[in-house]
Amino acid sequence: MRYLSTLMLALCTASAGAAPPTLTVYTYSSFTADWGPGPAIAEAFEAECGCALDFVAVDDGVALLGRIRLEGPSSKADVVLGLDTNLVAEARASGLFAPHGRRVGQLAVPGGWRDDVFLPYDYGYFAFVYNTEVLADPPRSLRELVTGPAEQKILIQDPRTSTPGLGLLLWVRQVYGERAGAAWKQLRPRILTVSKGWSEAYGLFLEGEAPLVLSYTTSPAYHLIAEGDKRFAAAAFSEGHYLQVEVAARLKGAREPELAERFLDFMLSERFQRHIPTGNWMYPAVALPEGLPEGYETLITPARALSFPPEEVARHRKAWIDEWLAALSS
Amino acid sequence: MGRLAPCLGVLAVLGVTVVATLGALLLTAPAGWSDVVHDVYLRRVVAFTFWQASLSTLVSVGLALPVARALARRERFPGRDWLLRLLGLPLVVPTIVAVFGIVAIYGQNGLLNRLAGAVGLGPGQYLYGLPGILIAHAFFNLPLAIRLLLPVWQSVPGESWRLAAQLGMSGGQVWRLVEWPLVRHAVAQAAGLVFMLCFTSFAVVLTLGGGPAATTIEVAIYQALRFDFDLARAGLLALLQVVCCLGIAAAVQAMGRPQWVEPGAGRAHARPDLGGRVTQVLDYTCIALVAVATLLPIGAVLSAGLAGPVFAVLGDPRLWSSALLSLGIALSASTLAVLAAVALLIGSRELRVVRYREGLADAAELSGSAVLVIPPLVLGTGAFLLLRPLGDAFAWAPAIVIGVNALMGLPYAIRVLGPPMTRIASQHERLCASLGLRGFARLRLVEWPLLRAPLGLAAALCAALSTGDLGVIALFGSQDTTTLPLLLYQRLASYQMGEAAVTALVLLALSLGLFAALERAIGGRARA
């Protein structure tokens with residue numbers, strides 16, 4: 001048995017050395033999974049570039065930045081795809097990424113795009129998702145959520161460990177400003193629990209533990225399109241919804257800089273973007289000629305896209321998390 | 001010195017791993033001890049970590065005592081072997097799956113609340129908070145403690161029972177004079193291990209704890225390493241965790257030193273305290289309660305899996321390549337862990353039995369746990385920093401994963417193999433010496449027949465643990481190295497709860513099969 005396992009591991013590692021040229025893209029694992037947009041995108045790009053596209057996948061966007069910072073200038077990565085706007089300031093400060101030098105006026109990202117290093121490839125909004133058969137009268141604003149009945153529980157994620165958790169923290173900060181701490185104190189009795197990541201909270205929600213869960217406005221689209229299940233909806237909040245934009249950039253030390261640039265162009269083309277709505281369950285960063293897939297029209301459209309500039313998030317994140325901790329612990 | 005050499009070798013590997021990993025992180029920046037010491041938030045976190053770990057250990061090991069005793073007293077009842085194997089399952093269930101299973105039974109909308117609703121009682125909200133943490137930790141560790149305690153109970157020599165019967169001892173006297181002196185060592189060992197496991201618990205504490213008031217040091221380490229990318233702080237916190245954990249575990253384990261048993265003829269004799277309808281009912285009630293409480297969440301995991309898209313998931317080649325990789329890692333890691341445990345224990349029992357250096361022996365056995373209390377993320381990051389000068393550190397991924405899994409399994413193997421190996425030495429050392437029985441002959445004639453069963457259990461436990469462990473693979477994984485637990489987490493992160501449930505089912509079946517196969521193949525037909 002031991003020989004078998006050694007042989008197997010040897011085979012697994014041997015596949016690393018492929019024929020040149022190979023473009024190496026670091027991303028997160030739900031992007032490259034069989035059911036994610038990665039495989040179709042790799043196939044489309046390989047067909048037109050005459051190269052091999054090698055995805056290296058880690059947990060999520062936060063792990064992605066961590067890995068790039070660990071590897072530093074000697075990284076094998078040509079392109080990093082999958083950071084979100086809240087990580088951009090730290091990623092830029094690492095000095096590892098190269099400016100993209102493109103005009104980005106045609107992008108469909110709400111509020112426009114100005115960054116000269118990172119290019120967006122999709123976006124979405126955080127929202128509280130509910131089951132319409134369980135909850136007839138969902139809150140219509142963040143203020144209603146905060147002041148609502150304590151027995152109607154919500155599931156949220158921890159801003160110290162999770163991207164949506166941080167999103168909610170910023171959302172509350174946008175709406176309540178300096179009174180965010182008090183708002184969290186008021187919200188506290190409604191919180192059933194605060195989970196480590198999105199998967200735990202969403203899993204508990206699907207088991208019926210609480211009627212509302214922090215997720216994305218596009219979550220109901222998954223249930224509708226992939227499962228034919230019409231029960232789920234996102235609660236539209238009148239103050240607007242916090243925006244999450246996912247971005248990619250080329251590394252300064254890329255071994256295949258031309259292929260990397262070509263990939264970034266490809267990323268903003270319809271051939272990449274059409275895999276986003278039903279692969280990554282986010283909105284494409286470029287308007288698709290054939291429009292969004294059927295089912296997306298049932299989703300709520302936020303009244304306003306809320307967001308902080310990345311630098312402001314980087315500057316205040318620690319203090320705001322401390323404020324959150326103080327309001328929910330003690 | 002000959003018998004101490006392999007032990008020193010293992011200790012050296014452990015020492016180098018701990019010092020190098022933590023050192024690699026600490027050296028990235030000037031360490032801020034004073035920041036850590038004066039951090040109010042951190043002080044609260046440390047206090048809470050101690051509090052929940054102590055309570056969890058008390059509940060898990062405290063409940064395991066009567067149940068293990070009941071199982072030891074009732075050696076034959078239908079399904080006993082399978083019950084013991086099923087009790088191994090909670091150990092291998094990935095945390096997140098276990099949380100879903102626990103919630104399906106004990107949650108707001110869980111089975112218990114629905115039953116309560118059916119008889120007209122309102123739903124009770126009791127899970128989220130300290131009760132949730134304790135229930136989950138008992139779910140993981142109560143069966144572990146039972147499995148660790150049971151073999152020790154079964155090692156009570158027949159002569160002792162005969163004597164107890166001749167003296168007409170009551171149940172209470174049997175416990176006080178025969179059983180407790182013998183199991184005390186194993187109880188302390190189990191409590192030490194459970195304490196460390198609960199101390200380093202993370203997702204369970206956060207998710208079922210109800211809010212950030214329930215934060216363990218492990219969360220703070222994760223936060224420092226991931227969001228803050230403060231490697232030095234993560235290294236410091238990991239060091240703090242290692243010191244706290246090993247300190248407490250050492251104190252707990254010092255309370256129970258092994259008791260010497262005079263060599264007996266090994267003749268079987270029934271326990272004198274089996275009669276009586278009341279004790280019988282009590283024993284079976286204990287067993288049934290634990291079986292139901294533990295197996296219900298497992299049942300929920302199984303039924304969720306069977307309700308999912310079984311055939312679609314089973315038809316996915318990725319599932320099988322992941323399963324094969326997990327199997328390969330599990331077998332390699334388990335082999336390494338058992339070999340390392342044996343090497344370490346040969347030295348520690350020499351210290352204990354031949355040289356009467358109990359303190360040193362305890363320290364050697366406890367060092368085997370050092371790696372268990374370092375978070376996988378810290379180990380992975382440290383390994384990366386260390387290997388970076390050698391080129392592409394991620395090419396080492398499979399070797400690192402196997403090594404880390406082996407080191408994580410080591411404490412379990414030590415606790416399974418320690419008591420019987422020490423016992424063999426204490427009973428047969430002089431006989432072996434007088435017969436000039438050494439080396440391979442001693443191994444074949446003395447050790448192997450007596451150690452087969454525990455070796456089987458240790459290998460099975462380590463392999464099963466490794467199968468279910470997400471470990472460092474998440475940090476080192478790429479397209480080519482997806483283990484079964486990683487595949488499961490990936491599905492969960494992509495709305496595919498049904499597919500994830502089926503994957504969990506496959507994972508459980510694989511672990512259980514591996515467990516039963518190794519236990520049988522190595523341990524033979526003897527009961528562990």
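Author: In this predicted model, 49 residues of chain A are in contact with 50 residues of chain B, contact being counted when the C-beta atoms of two residues, placed from the backbone, lie within 7 Å. Several elements of chain A each supply at least two residues of the side that touches chain B, among them α1 (2–14), β2 (52–58), α4 (61–71), α9 (198–206) and α14 (310–328); helices (H or I, at least four residues) and strands (E, at least two) are DSSP runs, numbered from the N terminus. That side of chain A divides into 23 nonpolar, 15 polar and eleven charged residues, where Ala, Val, Leu, Ile, Met, Phe, Trp, Tyr, Cys and Pro count as nonpolar, Asp, Glu, Lys and Arg as charged, and the others, Gly among them, as polar.

Of the 330 residues of chain A, 52% count as buried, that is, with 20 or more other C-beta atoms within 10 Å of their own, C-beta atoms being placed from the backbone. Among the contacts in chain A with a separation of 6 or more, 78% join residues 24 or more positions apart.

Residues are numbered from 1 along each chain as its sequence is written, while chains are lettered from A and ligands numbered from 1 in the order in which they are written. Local features need pLDDT of at least 70 and side-chain atom pairs count only at pLDDT 80 or more, whereas totals for chains, interfaces and linings use all residues.

How values were computed: A residue is buried if 20 or more other C-beta atoms lie within 10 Å of its own, exposed if 12 or fewer, and partly exposed in between; C-beta atoms are placed from the backbone.
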